[in-house]
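Subject: Structure for you to look at

Hello,

Here is the structure I said I would pass on. Please open it next to this message and follow along; my notes come after it.

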Amino acid sequence: MTTSTSPDSAFGNLTEESVRYSRLSQFRSTSEPFIPNNPYHRPLNPERVAQLDWSRPLDEETFASDRSLLANRLLMNVYESDALFLPAAGLRTFEDDFSAFYHSDSRLAGERIRPQMERFAFGFLDDSVGVSGQWDEDTLRAHLRHSVDQANSPGSRPVFDAIRAAKAPRIAAGTQIVQMALDGLTEATAMSQNLGGAFGPEQSELFKIFVDEFGYGVFPAKHSTLFMELCSSVGMATTSHHYWFFYLPSSIAINNYFYWATRNRTGFFRYIGAMAFLEATFASWFGDLTKVFRDVYGDAVDTRYCDEHAHIDQHHGRMAIDDLLIPLARKHGPVAVKGLLQGVEEIQLLDRLAGADLLAQLTWDPALSDAPADGPAGVVVELDSDSAFDTQVAPAATRLHVLGGEALLYTSATGDPLRVPQGRSVVVPAGRLYGVRTEGRTQLATGPAA
């Protein structure tokens with residue numbers, strides 16, 4: 001006898017299981033906006049998770065939404081429980097969190113919700129990036145070369161232009177670095193999941209790229225070490241997820257995409273296509289980023305992380321296409337070609353969506369205003385210095401009005417928060433990430449902006 005689970009029942013189970021997962025001790029709340037030195041403490045908000053409508057999967061329009069932020073935070077924790085994190089200062093202070101994060105019950109709870117969350121987060125890609133028609137090795141190569149040439153063509157990079165033009169360029173550059181930290185501090189971890197097994201000479205070609213990422217076993221040359229040096233040189237933290245609350249949903253989603261493609265073995269060709277495209281375009285991108293950081297920070301910034309990519313990815317791009325992607329297409333035929341092409345197109349789409357999200361965050365300059373005469377509609381909350389801190393993405397233009405006390409509005413990980421005194425308000429545009437805390441007692445009204 002077989003039984004079937006109705007869609008409503010499945011979504012109900014996912015809601016129940018995801019809330020239960022978010023209540024695990026390592027995901028407890030904190031009143032602070034940063035998570036110092038503890039790679040296992042990744043705050044989730046069970047009340048907000050409970051409100052997620054899993055029956056409406058993400059699409060291009062909601063890729064950078066609050067629903068995306070919540071779902072991708074959950075999914076990242078599930079994925080990263082497969083990777084080993086150990087605090088640089090030693091484990092003694094964090095033994096309980098270490099045990100909780102890697103406990104078999106915790107990991108099993110994550111695995112129960114992972115497949116449905118993946119469909120929720122990435123199911124739209126099959127519709128947004130459809131691969132049809134007849135493709136072979138030659139047409140794949142021609143299409144990939146065209147896409148790479150377009151990405152590498154001289155022209156404006158809007159995010160880089162916005163950093164230079166920002167009222168506070170260092171804060172804007174810091175926002176860029178925070179998004180990079182998702183991969184920069186654990187670089188090639190997703191790639192490592194495809195190194196096992198047996199798939200011929202291409203396995204060794206992939207390993208060559210991986211070894212480069214890890215500095216050929218020399219820790220000071222490891223790419224993640226170079227990224228830490230970049231952060232240190234501009235006064236930013238170097239520990240994983242210190243800036244947990246300030247990752248944009250689109251940034252987490254792209255990081256998750258590579259875990260998704262590598263965790264699901266049938267996504268191997270997808271992964272190689274996306275990875276090869278990035279490796280073939282990173283040299284130009286990082287070369288330009290070095291110039292931005294030099295303009296913003298001057299000679300104090302350590303750009304070796306960017307410089308290394310600007311150099312080595314000239315070779316990685318060639319290796320990934322000529323020695324890995326094309327041989328896989330030649331050997332494995334249509335199923336490989338379709339997957340490789342799918343990955344090339346998907347990463348371009350995700351990159352465009354993430355670029356737009358970051359650009360909007362960088363160009364938002366929150367300003368104080370007087371409250372409307374009749375006061376804002378909406379919900380009134382009481383905050384104190386011990387209230388849980390969280391960030392969220394505004395679903396629509398939202399007015400925050402301080403009825404009593406003083407609120408601190410956080411919109412970026414670097415720089416001071418905007419102080420909003422009693423009687424004043426600030427409008428958060430739709431789609432922007434923000435968080436609010438207070439140093440005393442504050443009464444805050446939240447409602448739609450006029």
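Leaving aside residues up to four places away in sequence, Leu409 touches Pro366, Leu400, Pro417, Leu418, Val420, Val426, Tyr434, Gly435 and Val436. Keep in mind that this is a predicted model. Leu409 sits in strand E5, which covers residues 406-410. Is Leu409 buried or exposed? Its relative accessible area is 2%, and buried means under 20%, so Leu409 counts as buried. For a distance to check on your screen, take Leu409 and Ala450: they are 41 residues apart in sequence, and their C-alpha atoms are 19 Å apart in space.

Next is strand E4, residues 398-404. How many of the 7 residues in E4 are buried? The count is 6, so the strand is mostly covered. E4 pairs with strand E7 (residues 424-428) in the antiparallel sense, over 4 bridges. In that pairing, His401 stands opposite Ser425 of E7. E4 is also joined to strand E9 (residues 441-448), again antiparallel, by 6 bridges. There, Thr398 has Pro448 in E9 as its bridge partner.

Then look at helix H15, residues 304-332. Where is the kink in H15 centred? It is centred on Ile312, and the kink is about 40°. After H15 comes Gly333, which has a positive phi, near 75°.

The last item is a pocket. Rolling a probe the size of a water molecule over the atoms shows where empty space is left. The second largest pocket has a volume of about 620 Å³. Its lining is made of 23 residues, and those nearest its centre are Leu84, Phe85, Leu86, Leu185 and Ser240. Helix H10 (189-192) and helix H12 (223-233) are the elements that give two or more residues to this lining. Which element gives the largest share of the lining? That is H12, with 3 residues. Sorted by class, the lining of the second largest pocket has 13 nonpolar, 9 polar and 1 charged residues.

Regards

Definitions and conventions:
Residues are numbered from 1 along each chain as its sequence is written. This is a predicted model: local features need pLDDT of at least 70, side-chain atom pairs count only at pLDDT 80 or more; totals for chains, interfaces and linings use all residues. Side-chain values use heavy atoms; hydrogens and water are left out. Buried means under 20% relative accessible area, exposed over 50%, partly exposed in between (1.4 Å probe, protein chains only). Two strands pair if DSSP finds at least two bridges between them. On a 1 Å grid over the protein atoms alone, a cavity is a set of points where a 1.4 Å probe fits but cannot get out, and a pocket is an open set with protein on both sides within 12 Å along at least five of seven lines; lining residues have an atom within 4 Å of a point. Grid points are joined across faces, edges and corners, and a volume is the space filled by probe spheres set on the points. Ala, Val, Leu, Ile, Met, Phe, Trp, Tyr, Cys and Pro count as nonpolar, Asp, Glu, Lys and Arg as charged, and the others, Gly among them, as polar. The bend at a residue is the angle between axes fitted to the seven residues ending there and the seven starting there. Contact means heavy atoms within 4.5 Å.
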